[in-house]
Amino acid sequence: MTSTTGIHPTGVPDWNNLSVLHRNTLPLRAYFWNYTSESDALKGDVAKSKTHSLCGSWKFHHSYSPYEALEGFEAPSFDISQWSDIAVPGMWQLQGYGKGPQYTNVIFPIPVDPPNVPFAENETGSYVRRFTIPEQLKGDQIRLRFEGVDSSFHVWVNGKEIGYSQGSRNPDEFDITDAVVENGENILAVRVYQWCDGTYIEDQDQWWLSGIFRDVFLVAFPKVSRIENVFTQTELDAAYVDARLNVKVTVAGSGQLKMTLFDPHGNSVGTCSQGDTSTTQNPVTFSLVVEEPLKWTAETPHLYRVVFSFNGQYISHRVGFRKVEMKDGLIKVNGKRVVFRGVNRHEHHPQFGRAVPYESLKEDLLIMKRHNINAIRTSHQPNDPRLYDLADEMGFWVIDEADLECHGFESIADAALNTEERKLPFRQRQLLTRTEAAKWTTDNPEWTHAYVDRAQQLVVRDQLHASVIIWSLGNEAFFGRNFKEMYKWIKGYDGSRPIHYEADIFAETMDMYSRMYPPIDEIVEFGEDTSKAKPLILCEYIHAMGNGPGNIKEYIDAFYKYPKLQGGFAWEWANHGLFTKDHETGDEFYAYGGDFGDVPNDSTFVMDGLVDSQHRPAPGLIEYSKAIEPVQLLSYDNKSVTFINRYDFTTLDHLEGFISSAKFSGHETKFDVARNIGPGESFLVNLEDVVKQTAPSDEVLLNFSFRLKHETLCLPKHFEVANAQVPILTNTTLHIRRQLSTPAQQLRVNSPTQNVLQIEGEGNKWSFNTLHGTLTSWTKSLQEVIATAPEVNFFRAPTDNDIPQDGWDWQDKKLHLAKVQTLKVEWKQTAHDEVTVTTHQRVAPPILSWSIDCVLTYNFRSEGALTIHVTGRPRGQNLPRTLPRIGLVMELPKEWRGVSWTGRGPGESYRDSKLSQKIAQYYVSRVDDLWQDYEVPQESSNRTDTRSLELFNQVDDTSLHIQFMEVGTNGQESFEKQRELFDWQASHYRMQDVADAKHPCELRKMKKAEVILRLDAEHHGLGSGSCGPRTLDEYACLTKDFEFAILMQ
């Protein structure tokens, strides 16, 4: 009789079993390759190593649960002929399989029940690959190496189960020697699970993507006697002159072990050997003294190469002689304080997700070098191992971070707060929620092994790299016993590097304090606090989401003013947009959370990079590069300019200087950069001869450029690493385009129809609507200037950095709904050649009672000049604290496409993000060329510190010249006033359309033929309020009385 009882599943699956992290994986080892000769080892060419890539096209089957996956697929006889092909490395969601992709920042995408994950909704990928053993690998121990699989996987070879592992961004190696057929075809089968218990500590701010996303190799080691692992440390003497290379080599079997060190030119520096490893302890230790080696720093990345040989096995790795230490309360390298001018770099590609091609990875680092970045935090997991080779070679400080984050537990703790707890100040509330959140895994002894395992994976793999100067235990996982155990294990294995972890907010255990997104006054307070015995780094700051960040310079100035502030890492390097098409319209765009129907999601928060999803520099990177440039302007007057060397180790001898005038483009003179100017030292450039050559009536700005004398590994000869602009002569006289007529012609005024006032004179005709208080037409030489009347306006499409703070206030106060109501219009002819029209208006939203009462005075002159004088008085309850902008908006017909301006450019600029944009005269023939197209549409393309603006009608020679002028009485005496600086934007997009669009492809459908022109007396700064402080009050457009005047000619 058949049994009617049963149980399913019959046991706890590995991927749901906290006691099973790995099964049959080999001991951890450093990242190196085996060679058969010293010459091949010295070249370091992986193609000549005893390695065989299994990357390429694999067979693939997808199911939505491990229990729906095809049973027996691992058997060589299983028919996979109807299976699809999939690329390895790759993420299956980006190759058309499964749900998603899905993006969350903090929250978990699954029901929270650690260590348990869903059984029925746990997507599973079954991979199969046929391979043969290459000749050069035969007769050896054959290892199967996975550099990264998300999130866990089982492995079979020829139907034999080999093992299991988890830890998505860490490598795994299996001995498959006994399972493979040397002289025939082999079947490799891998089953990958989307979720496992490790998912709870892999809750990083990125897309949830699955699959074999890094390289897969066969790696050959000698069968009997072999080097298993290598550990190196460099020591410097007390004077940081001479060095010692300390090495531990773990071997299996016996034989002669030899170590040879070669200098950067390939010359042998020294040799150590052990005649018979069976007679000594394992690991074998060597110590080699090196006199006055070239030191490795991020500025001088001198690399030696060490080669180990053991019974015909050759291993090589590069060595950088440097010493990292906590000394005098600071992080020091080779005895000197360093300042991190860094970025957080997630691994992301717009088509391949975390499966980033090597060429893209390398290009990332080259872009960083072009923009003065000297440090990388590998947020929030160990990166592709090839990144560290490049960082060693190019010169970057690296904070190498463990694959550990469980931020989602904080959402649970925060949701459980009672009413009184929610009223606590942010820091107190955060401490409370983090303490509760830590109980799930971080302060839970059942998870200790899982945490320490991730520290071990990180350190053992990457320990050989000179660029790695700090270990980081993870990110946003609170603090508790398991982090203390990670710290303890690392210090026992590698005591040569300090350890970082931000959530140890009191630096109870860690070697430094760390903060995310503090306001500037908070870090200044830290810098002035003499009780702090450890330094502070900002592991995340200046949140680069959308248009921004602003206020960068103030952070950099603080880093150099206070020694305990040792720099920071901008969040973050790149937008994580995924290239996709709308299935209905065919429109192409870069997707963010929710675009794939993923629920829950965190929407656009994944679009927060200094480069866009295609890794093209955004304005934020240009501004950051300027703020962290290695030669910076300190002070100036009419006689000299003072610069300072902001390098940490090098002089400025590798640079040459050039000087030119912004007034006379193209004329450039070389000047000598003072020699032997060390880090932190300043030097003068004399300007007396230059000043003598300038006309006193001109506004003169001098441009200084510092360029490389010689090419480097990353940058070409003459590459500009720093620049500065210095005003020598100022002239704020209002520019009058033509002399006033003598005698002035009569202005004719009439009212041809109801509510219309018409004014004519000297080829100009204006029409003014007296009901709405608007200038509806201005024809000049028969060409229409106005398509939509100028109107006072305070709105801008909210930036990502606006939305949570100032933008929330604007929304709450209904500023976006505010409209102009005209209360009264007055006009009179003040002279035969002048007419003045005054409009009294109230700008106010529905629902609330606040308003801004405005008076606009239009002064028309017969020779074609128009001035608009505006005053505003905020009044009523519930006024917004700030305004997005204060100015006018008008539209011009489509023919007005050419634009010239004198002011900051050529790119966009804002009052707290403008120093990278030089003051000069610029011209574009198309308004489209002014537009900064953010992947999430928002306020953009503003230009500040403008002296004058001119728009050209490309049908004839007509132009419209615009200046802001010192406020005063209208009339002829106004032209004797001084000009004022202003902001402007010209585009084909109305601001509300920009605010409404979700993607650029949507916005392009709203594009207007007309030119929308915005003229602002004041414009709100950017800040980094999307995840950090809003703009400083000195850059804010505070709500208060205002007055400005515009001259149009």
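The lining of the largest pocket divides into 10 nonpolar, 10 polar and 10 charged residues. (Ala, Val, Leu, Ile, Met, Phe, Trp, Tyr, Cys and Pro count as nonpolar, Asp, Glu, Lys and Arg as charged, and the others, Gly among them, as polar.) The model is predicted: local features need pLDDT of at least 70, side-chain atom pairs count only at pLDDT 80 or more, and totals for chains, interfaces and linings use all residues. Residues are numbered from 1 along each chain as its sequence is written, and side-chain values use heavy atoms, without hydrogens and water.

**Largest pocket**
- Its volume is about 840 Å³.
- Of the 30 lining residues, the closest to the centre are His407, Phe426, Gln430, Glu476 and Cys1027.
- Helix 4 (408-415) and helix 6 (426-438) are the elements that give two or more residues to the lining.
- Helix 6 gives the largest share, six residues.

**Helix pair**
- The axes of helix 9 (residues 520-528) and helix 10 (residues 552-561) come within 10 Å and cross at roughly 0°.
- The two helices are therefore roughly parallel (angles under 35 degrees).
- Ile520, Ile523 and Val524 of helix 9 meet Glu554, Tyr555, Ala558 and Phe559 of helix 10 in contact (heavy atoms within 4.5 Å).
- These contact residues divide into six nonpolar, no polar and one charged.

- Four strands form an open antiparallel sheet in the order 40-39-42-43; strands pair if DSSP finds at least two bridges between them.
- Strand 40 (668-671) and strand 43 (720-729) are the edges, each pairing on one side only.
- Strand 42 (residues 700-708) pairs with strand 43 over eight bridges.
- Asn703 has Gln725 of strand 43 as its bridge partner.

Note on methods. On a 1 Å grid over the protein atoms alone, a cavity is a set of points where a 1.4 Å probe fits but cannot get out, and a pocket is an open set with protein on both sides within 12 Å along at least five of seven lines; lining residues have an atom within 4 Å of a point. Grid points are joined across faces, edges and corners, and a volume is the space filled by probe spheres set on the points. Axes are lines fitted to C-alpha atoms, for helices over the stretch in contact, and angles run from 0 to 180 degrees between N-to-C directions. Angles under 35 degrees count as roughly parallel, over 145 as roughly antiparallel, 65 to 115 as roughly perpendicular and the rest as oblique.
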